[in-house]
Each structure stands twice: as structure tokens, then as C-alpha cells.
Amino acid sequence: MIYYLILILLSHPILADSINPVQTVFDSLRMTAKSSPKKTIKEIRLKLTDPDLIQDPNEESKYLNILGEIYLELGMPTLALSNFIEVKQKSTMNNAWILSNIGNVYFQQKNWIQAKKYYEEALEIFQTNTKGIVEIESG
């Protein structure tokens, strides 16, 4: 149902220019995961096994990140951590959200020291990125 809505929106002449189709797919997967996590896991695994479906180098990382988020939500921290670590290794960006997600896994496991370490690394990146944005806006 969601995919049909996306196709309709993308075919609209005015709306199509303002919609990022790849991001829309990720957003819909996150929404579907809330009501049907097992179905979403199967769908993502299917996409990850077909290299023709992955268009952008960071797309695979986004799928793996969503998988990790689902596993964490389902109380499966080991699987979540393995996905987040893979994202960290494959991603071309130093993404604070990935570090924060790894911290969330350790927090869920009550490994406070490791959680704090990853949260602090994420915070440092967030602060650096925010500083740059503030400088651009005020400069």
C-alpha cells in the first residue's frame, strides 16, 4: 500500500521534484517495521542479497542500520550490534547516528562504560557538525 502511494507521488509532476525516492523507501520501511518487523526484516534481507537493487554505496549501510534498529527494538542486541558494526565499517561517512545506535545497544545490555564511550564519540561529531552549521548561518 505504501509503495503504491510512493509511486503515485513520484508520478505527480510537481510533487516528484520535491521527493527523494530513496529516502521515502527508507522512511516507509521504518514505518512498516513498527507494525510488521518480521516482514520488514525479510524485505530488507531480500534487497541486500540482490546487488541490482542497491543503487548508492551508502544505501546498503542504510538498510543494515534499519535492520539493526529493528533488532534492537525486538530485544535482540547481538544482532543489532552486528548490523551497526557492519554499517560503521562500510559507511563512507563518520556518522554520529551509527555511533549513537551502537551506544544504544550497549545501554540496553547495561554495559554503561561502552555505551558512554560511543555516546561521547557521537556527541563530539554532532557538536562539530552543529558548529559548522552555526558558523555558515552566522558567517
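Phe-126 is partly exposed, with a relative accessible area of 29%; buried stands for under 20% relative accessible area, exposed for over 50%, and partly exposed for what lies in between (1.4 Å probe, protein chains only). The model is a predicted one, in which local features need pLDDT of at least 70 and side-chain atom pairs count only at pLDDT 80 or more, while totals for chains, interfaces and linings use all residues. Residues are numbered from 1 along each chain as its sequence is written, and side-chain values use heavy atoms, with hydrogens and water left out.

Phe-126 belongs to one of three aromatic pairs in the structure. Rings of Phe, Tyr and Trp (its six-membered ring) pair if their centres lie within 6.5 Å; planes under 30 degrees apart are called stacked, over 60 edge-to-face, and the rest tilted. The partner of Phe-126 is Trp-97, and the pair is edge-to-face, at 4.9 Å centre to centre with 75 degrees between the planes. Trp-97 sits in helix 7 and Phe-126 in helix 8, so the pair links distant parts of the chain, 29 residues apart. Helices here are DSSP runs (H or I, at least four residues), numbered from the N terminus. Trp-97 counts as exposed, at 56% relative accessibility.

A further aromatic pair joins Tyr-106 and Tyr-118: the ring centres are 5.8 Å apart and the planes stand at 20 degrees, so the pair is stacked. Because Tyr-106 lies in helix 7 and Tyr-118 in helix 8, the pair ties together parts that are 12 residues apart in sequence. Tyr-106 is buried at 13% relative accessibility, and Tyr-118 is buried with a relative accessible area of 9%.

Tyr-106 leads on to the nonpolar core. A nonpolar core is a set of buried Ala, Val, Leu, Ile, Met, Phe, Trp, Tyr and Cys residues joined through side-chain atoms within 4.5 Å. The largest one has 23 residues, and those with the most contacts inside it are Ile-44, Ala-80, Ile-102, Val-105 and Tyr-106. Two or more residues each come from helix 4 (37-49), helix 5 (57-73), helix 6 (77-90), helix 7 (96-108) and helix 8 (112-138). Helix 5 gives the largest share, seven residues. With neighbours within four places in sequence left aside, Ile-102 is in contact (heavy atoms within 4.5 Å) with Leu-81, Phe-84, Ile-85, Lys-88 and Tyr-118.

Helix 6 has its own pattern of burial. Its buried residues are Pro-77, Ala-80, Leu-81, Asn-83, Phe-84 and Val-87. Seen down the helix axis, they fall within an arc of 165 degrees, so they line one face of helix 6; the arc is that of the directions from the axis to the C-beta atoms. On the other side of helix 6, Thr-78 and Gln-89 are exposed. At 1.5 Å a residue, the 14 residues of helix 6 should span 20 Å, and the end C-alpha atoms are 20 Å apart, which agrees. The expected span is 1.5 Å times one less than the number of residues in the helix.

Lys-90 forms one with Glu-60, the closest N and O atoms being 2.9 Å apart. This pair links distant parts of the chain, with Lys-90 in helix 6 and Glu-60 in helix 5, 30 residues apart. Lys-90 forms another with Glu-86, where the closest N and O atoms are also 2.9 Å apart. Lys-90 and Glu-86 are four residues apart in helix 6 and therefore separated by about one helical turn. An α-helix has 3.6 residues a turn, so residues three or four places apart point the same way. Lys-90 is partly exposed at 38% relative accessibility, as are Glu-60 at 27% and Glu-86 at 27%.

Salt bridges that share partners join Glu-60, Glu-86 and Lys-90 into one network.

Lys-90 also touches Ser-61, as do Val-87 and Ser-91, not counting residues up to four places away in sequence. Ser-61 is found in helix 5 and is buried, with a relative accessible area of 5%.

Methods
A salt bridge is a side-chain nitrogen of Lys or Arg within 4 Å of a carboxyl oxygen of Asp or Glu.
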